[in-house]
Amino acid sequence: MTTPVDRQPSDVREFTARSVGGGLALLLGLVGIVAGAGLIALGAASAQAGTKGSLITLGILLVLASVIAMSGLNTVAPGQARVVQLFGRYRGTIRSDGLRWVNPLTSREKISTRVRNHETAVLKVNDAYGNPIELAAVVVWRVRDTARAVFEVEDFTEFVETQTETAVRHIAIEYPYDAHEEGGLSLRGNAEEITEKLALELASRVETAGVQIIESRFTHLAYAPEIASAMLQRQQAGAVVAARKQIVEGAVGMVELALTRLAEEDIVDLDPERKASMVSNLMVVLCGDRAAQPVINTGTLYQ
């Protein structure tokens, strides 16, 4: 639990600023300006010097007070907020859209709370196996806590961009592009899991700035050009091996089925040598790259 001693002075949290509807404040300000102008006009028309000076002074003060009061008016559009400060102290955030009025002595900073996206440039890093790869990501985010976005970091937009690039680089060096071992996570083979890890890491990095990460995705993932050709050959070799393995497994099943059916139907009685010859011929036909060329045996297996 954080105590007041442990709490940093700049560790602020957003809360709602005190404000009222701006319609009435605008009306009162306009009435004050008109009334002040009327007093000035009456003072100028008065024949008595004392009354004249008093009316003009009162009218000027009323106009100045109305103008100052109207400076507290703020128009807040949907998807925007105003961070209110009074003499350097945070006094809350206005999120209610429309015309609002606050203390005219405060300063109000406009902050967009709309959803934004940031796409990183194509980054070149080394994966977990040391292979150079290229990757880029897009992050969808928005400001959740306006107070932290303004007071905790210098520029929250630049902060998000920098932390996004850092998180992408860190994820890239933690995992390989392609996993060599069975069941290992890889950037290419486990995109959903890696994306979730990227979102979690990025969320923890930008939490200080009061930013919410809505979604993050890799938009580019490839080997660097200098090794792309070699890695393509490796992927092709792996695909060939996998295909051959599947072909052999299927061929073995077909041969087993053929031998079983021949034995069950009692079509022919094969001794071990003839069975081995049949298996060899079937495996060659089923696993070969080219169409088989039949050879007719006019003699016997033993001649």
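Leu 135 lies in strand S9, strands here being DSSP E runs of at least two residues and helices H or I runs of at least four, both numbered from the N terminus. The structure is a predicted model, in which local features need pLDDT of at least 70 and side-chain atom pairs count only at pLDDT 80 or more, whereas totals for chains, interfaces and linings use all residues. Residues are numbered from 1 along each chain as its sequence is written, and side-chain values use heavy atoms, with hydrogens and water left out.

Leu 135 counts as buried because its relative accessibility is 0%; buried means under 20% relative accessible area, exposed over 50%, and partly exposed in between, with a 1.4 Å probe and protein chains only. Contact is taken as heavy atoms within 4.5 Å. With neighbours within four places in sequence left aside, Leu 135 is in contact with Ala 121, Val 122, Leu 123, Val 125, Val 168, Ala 172, Phe 218, His 220 and Leu 221. Val 122 stands 13 residues from Leu 135 along the chain, and the C-alpha atoms of the two are separated by 5.4 Å.

The largest nonpolar core holds 33 residues, of which Ile 133, Trp 141, Phe 156, Val 211 and Ile 213 touch the most other members. Such a core is a set of buried Ala, Val, Leu, Ile, Met, Phe, Trp, Tyr and Cys residues joined through side-chain atoms within 4.5 Å. At least two residues of this core come from each of strand S8 (123–126), strand S9 (132–143), helix H3 (146–151), helix H4 (156–174), helix H5 (191–206) and strand S10 (211–223). A second, separate core of 5 residues includes Ala 17, Val 76, Val 84 and Val 102.

Beyond its neighbours within four places in sequence, Val 211 is in contact with Trp 141, Arg 142, Arg 144, Val 160 and Val 206. Gln 212, also considered here, lies in strand S10 and is partly exposed, with a relative accessible area of 26%. The C-alpha atoms of Gln 212 and Val 143 are separated by 6.1 Å, although the two residues are 69 apart along the chain.

Helix H1 (residues 22–45) comprises 24 residues and spans 35 Å from its first C-alpha to its last, close to the 34 Å expected at 1.5 Å a residue; the expected span is 1.5 Å times one less than the number of residues. Gly 22, Ala 25, Gly 29, Gly 32, Gly 36, Leu 39 and Gly 43 are buried in H1. An α-helix has 3.6 residues a turn, so residues three or four places apart point the same way. The buried residues of H1 pack against strand S1 (20–21), helix H2 (49–70), strand S2 (73–76) and strand S5 (98–101).

Three of these elements form an open sheet of 3 strands in the order S1-S5-S2, with antiparallel pairing; two strands pair if DSSP finds at least two bridges between them. S1 and S2 are the edge strands, each pairing on one side only. The antiparallel pairing of S1 and S5 extends over 2 bridges, and Gly 21 has Arg 100 in S5 as its bridge partner. H1 lies across S1, S2 and S5 and runs at about 65° to S5, where axes are lines fitted to C-alpha atoms, for helices over the stretch in contact, and angles run from 0 to 180 degrees between N-to-C directions.

Another open sheet of 3 strands has the order S4-S3-S6, again with antiparallel pairing. S4 and strand S6 (107–112) stand at its edges with a single partner strand each, so one side of each is left without a neighbour in the sheet. On average, neighbouring strands of this sheet are turned by 25° against each other, direction ignored. S3 and S6 pair over 6 bridges in the antiparallel sense, with Ile 111 in S6 as the bridge partner of Ala 81. S3 and S4 run antiparallel and are joined by 5 bridges; in S4, Gly 92 is the bridge partner of Val 84.

Phe 87 is found in the loop between strand S3 (80–86) and strand S4 (89–94). These strands form a hairpin with 2 residues between them, and Phe 87 in the turn has a positive phi of about 55°. Phe 87 is exposed, with a relative accessible area of 70%.
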